[in-house]
Amino acid sequence: MNKQTQITADWSADLLCPLHPEPRSIAIVTDAWSPQVNGVVRTLSTTCEMLRDWGHEVTVISPEHYPSVPAPTYPEIRLALTWPGEVGRRLTAIEPDAVHIATEGPLGFAARSYCLNRKVPFTTAYHTQFPEYFARRTGLSADVFWPYIRWFHRPAQRIMVATQSIRDQLREQGLTRLSHWSRGVDLACFTTDAPPPDEYADIRGPILLYVGRIAVEKNIEAFLACDYPGTKVVVGDGPALAELKARFPDALFLGRKTGKQLAGCYAGADVFVFPSKTDTFGLVMIEALACGTPVAAYPVAGPVDIVNERVGALSEDLARAIDAARYCDRGECASYGAAYSWEAATRQFLSGLVALQEEECASLRAVPAI
C-alpha cells in the first residue's frame with residue numbers, strides 16, 4: 001500500500017461521518033474574512049453557508065466588527081484592534097455550543113485568552129504555513145516563528161488540518177490532537193465546459209495558468225521566470241501585482257476573476273501551475289482539476305497530498321513538472337477534482353468541533369468581560 005492509499009484508508013471514515021445534530025450554535029473567530037480574497041476566506045464562508053443551510057446557528061467574529069489597521073507589507077489584510085474582553089463580550093452574548101478559532105491573528109489571540117481564562121474548550125485550524133510565510137516576508141528562518149505556532153495551538157482540544165503532510169509536520173512540532181478537515185469544489189461552477197476568456201483566443205499555446213493572491217509568499221516569480229514555451233497567464237490581485245507586471249511583460253495578467261469567468265480561465269488552460277511553498281492545501285488546485293486542467297507544482301505540503309501522476313506532476317524543476325503534466329488525461333483530472341465535496345468537508349468540520357458541557361457554558365458567561 002503506497003502512502004497516498006494509506007492516507008485515504010486512514011481518513012476514509014472522516015468522509016463518511018454522519019451529519020451532526022449538535023452543536024447547534026457555533027462561534028467562529030477569524031482574522032481572515034471578506035473583503036479579503038483567499039482560500040481561507042473561501043473555505044470559511046462556504047463552510048458557514050453550508051452549516052446554516054443545515055440548520056446550525058453560526059456567528060462569525062471577524063475584523064468587520066472592530067476598528068482595524070492594515071497589516072504591515074500587506075494592506076489588503078486588516079488587523080483588528082481589540083482586547084480579549086471585547087471578543088469575550090460577543091462570545092458571552094452568543095452563548096455558543098462550540099467555539100472554533102480559525103486564525104492565529106489578533107482576534108484569534110483574544111478568543112484564545114478568553115477561553116483559557118474561563119476553562120472553556122475550543123478548536124483551532126492550521127490554514128497557512130505561517131512560519132514559511134513570515135520567513136518569506138522577513139528574511140528570517142522559519143524556525144523563529146514555530147514557537148508561536150506551538151504555543152497558540154497547543155491548548156486546543158483539536159487542531160483541524162487539511163492534509164496528511166501538514167498533520168505529520170505538526171506532530172513533529174509536538175502538536176498531536178489533530179482532526180482532518182478537507183476542502184471542496186463548487187461543481188455547479190467549476191466544470192470542463194466553462195467558456196474560456198476572450199483573451200485566450202489570440203495567445204500562443206500552451207497556456208500555463210496561475211490563479212491566486214499576487215503576493216511574495218506565493219512564489220509566483222518562480223512560475224513567471226520558468227523557461228517553458230507558451231504563454232503564462234496570471235489571474236488574481238495583490239500587493240506584488242505591479243512589480244511582477246513590470247518584470248514579466250510577456251505574461252498576461254487578467255486581474256481578479258470569480259465564478260464562471262474563473263472557471264473558464266481554468267478550463268481553457270493547458271496546465272495549472274501552483275508554485276507556492278507556503279500553502280497547507282491549495283484550493284485552486286482542485287478547482288483547476290474539476291475543470292479538467294492538470295496541475296504542475298513543487299513536491300511540498302499541499303501538492304504532495306493532492307497531485308498524483310494521473311492528474312499532474314511534481315518536481316523541483318517546475319519546467320519538468322509542466323512538461324509532464326501536459327500528458328495527463330483531462331477527463332481523469334475532472335473526475336478526480338469532482339471527488340472533493342464541500343458537503344463531506346463540512347461534515348468533517350462538524351465532527352472536529354468540541355461541544356461545550358453545561359458547566360463550561362456557565363463558565364463562559366459567569367465572569368463579566370473586562
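**Helix 15**

I started at helix 15 and listed its buried residues: Trp 342, Ala 344, Ala 345, Thr 346, Gln 348, Phe 349, Leu 350 and Gly 352. I note at once that this is a predicted model. Helix 15 spans residues 342–352 and is mostly covered, with eight of its 11 residues buried.

Next I looked up how helix 2 meets helix 15. Helix 2 covers residues 39–53, and its axis comes within 10 Å of the axis of helix 15. The two axes cross at roughly 85°. I therefore logged helix 2 as roughly perpendicular to helix 15. From helix 2, the contact uses Thr 43, Thr 46, Thr 47, Met 50 and Leu 51. From helix 15, Trp 342, Glu 343, Thr 346, Phe 349 and Leu 350 take part. I sorted the residues of this contact by type: five are nonpolar, four polar and one charged.

I traced the strand order of the open sheet as 11-10-9-12-13-14. It has six strands, and the pairing is parallel. Which strands sit at the edges? They are strand 11 (252–255) and strand 14 (312–314), and each pairs on one side only. The twist averages 25° from one strand to the next.

I then checked the strand 14 end. Strand 13, residues 295–297, pairs with strand 14 in the parallel sense over three bridges.

Helix 11 (residues 283–290) lies across strand 9 (207–211), strand 12 (271–274) and strand 13. Helix 11 runs at about 175° to strand 12. Helix 13 (residues 318–325) lies across strand 9, strand 12, strand 13 and strand 14. I read its angle to strand 13 as about 165°.

**Strands 6, 7 and 8**

I moved to strand 7, residues 158–161. Strand 6 (residues 123–125) runs parallel to strand 7, and three bridges join the two. Thr 123 stands opposite Arg 158 of strand 7. Strand 7 also pairs with strand 8 (residues 178–180), again in the parallel sense, over three bridges. There I found Val 161 opposite His 180 of strand 8.

**Ser 62**

I looked up a loop residue. Ser 62 lies between strand 2 (57–61) and strand 3 (68–71). Is Ser 62 buried or exposed? It counts as buried, because its relative accessibility is 0%. Leaving aside residues up to four places away in sequence, Ser 62 touches Thr 30, Trp 33 and Leu 107. Trp 33 is 29 residues from Ser 62 along the chain, yet their C-alpha atoms are separated by 6.4 Å.

**Cysteines**

Last, I checked for disulfides. A pair of cysteine sulfur atoms must be within 2.5 Å to count. By that rule I counted zero disulfides. Cys 189 is buried, with a relative accessible area of 10%. Cys 226 is buried too, with a relative accessible area of 10%.

Note on methods:
Residues are numbered from 1 along each chain as its sequence is written. This is a predicted model: local features need pLDDT of at least 70, side-chain atom pairs count only at pLDDT 80 or more; totals for chains, interfaces and linings use all residues. Side-chain values use heavy atoms; hydrogens and water are left out. Buried means under 20% relative accessible area, exposed over 50%, partly exposed in between (1.4 Å probe, protein chains only). Helices (H or I, at least four residues) and strands (E, at least two) are DSSP runs, numbered from the N terminus. Axes are lines fitted to C-alpha atoms, for helices over the stretch in contact, and angles run from 0 to 180 degrees between N-to-C directions. Angles under 35 degrees count as roughly parallel, over 145 as roughly antiparallel, 65 to 115 as roughly perpendicular and the rest as oblique. Contact means heavy atoms within 4.5 Å. Ala, Val, Leu, Ile, Met, Phe, Trp, Tyr, Cys and Pro count as nonpolar, Asp, Glu, Lys and Arg as charged, and the others, Gly among them, as polar. Two strands pair if DSSP finds at least two bridges between them.
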